[in-house]
Amino acid sequence: YKDFEKLAVVRCPYDRAISEFRCRWKGFCAPAGRDGERHARRLDATAQDLNTWLQQKLLAGKARPPFSNGHFIPQHFYIFDEHGNRYVPEANVLRFERLDEELAALGRRYGMASVPALESENESEMRRFSKRHLQAATCRLIEEEFADDFALLGYPILLPIKYEELPFKHQGPEP
């Protein structure tokens with residue numbers, strides 16, 4: 001990608017973790033396919049299911065190398081190299097939370113008269129969850145496992161963490 005313009009879309013680590021839970025391919029009781037019981041469990045998923053599933057995945061090291069698939073890979077790995085050098089210019093890192101406006105601004109910077117709005121589509125049949133459904137222990141795990149995403153991408157944390165207590169070396173700047 002050396003000779004190409006790069007861009008990345010990032011998302012609040014809490015919201016991204018919730019989205020992983022709801023993912024129809026790798027999320028809770030996924031893939032359900034034609035399995036009626038799995039499908040029913042997805043439809044009836046609770047906040048407790050969300051917290052239990054996220055805690056199990058994060059405690060199992062899913063957010064650490066070696067990664068078994070593209071799920072749970074910390075977002076900063078797509079933007080910075082191991083020395084902290086940027087792959088993606090800061091102006092080309094778009095936030096999912098403001099995607100339409102930031103994509104339009106990116107288009108203007110590259111001389112596009114207009115950028116069509118993206119259709120918002122969520123294929124999951126599951127109910128929606130939000131940060132308010134996360135237990136303190138789940139928040140803490142998300143904050144620990146994605147500490148560099150919070151620090152390098154500027155997302156605020158819900159619960160203060162003491163970085164010296166992290167089970168691994170925090171590599172980003174202190175908040």
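Here are some questions and answers about this predicted model. Residues are numbered from 1 along each chain as its sequence is written, and side-chain values use heavy atoms, with hydrogens and water left out. Local features need pLDDT of at least 70 and side-chain atom pairs count only at pLDDT 80 or more, while totals for chains, interfaces and linings use all residues.

Q: What pattern does the protein chain follow, read along the sequence?
A: Helices (H or I, at least four residues) and strands (E, at least two) are DSSP runs, numbered from the N terminus. The protein chain has 6 helices and 2 strands. Read along the sequence, they give β-α-α-α-β-α-α-α.

Q: How many of the 10 residues of helix H5 are buried?
A: Buried means under 20% relative accessible area, exposed over 50%, and partly exposed in between (1.4 Å probe, protein chains only). Helix H5 spans residues 136-145, and its buried residues include Leu 141, Ile 142 and Glu 143. H5 is mostly covered, and the buried count is 7.

Q: Which helices are among what covers the buried residues of H5?
A: Thr 138 and Cys 139 are among the buried residues here. The cover includes helix H1 (13-22), helix H3 (47-59) and helix H6 (147-153).

Q: Is Tyr 110 buried, exposed or partly exposed, and what is its relative accessible area?
A: Tyr 110 is in the loop between helix H4 (99-109) and H5. Leaving aside neighbours within four places in sequence, Tyr 110 is in contact (heavy atoms within 4.5 Å) with Glu 5 and Asn 92. Tyr 110 counts as partly exposed because its relative accessible area is 42%.

Q: Which residues form one aromatic cluster?
A: Rings of Phe, Tyr and Trp (its six-membered ring) pair if their centres lie within 6.5 Å. The structure holds 6 such pairs. The cluster is made of Phe 21, Phe 28, Trp 53, Phe 72 and Phe 129.

Q: Over the ring of which residue does the charged end of Arg 95 sit?
A: A charge sits over a ring if NZ of Lys or CZ of Arg is within 6 Å of the ring centre and within 35 degrees of the ring normal. Arg 24 does this with Trp 25, 5.8 Å from the ring centre. For Arg 95, at 4.1 Å from the centre, the ring belongs to Tyr 155.

Key. Phe/Tyr/Trp six-rings, centres within 6.5 Å; stacked < 30°, edge-to-face > 60°.
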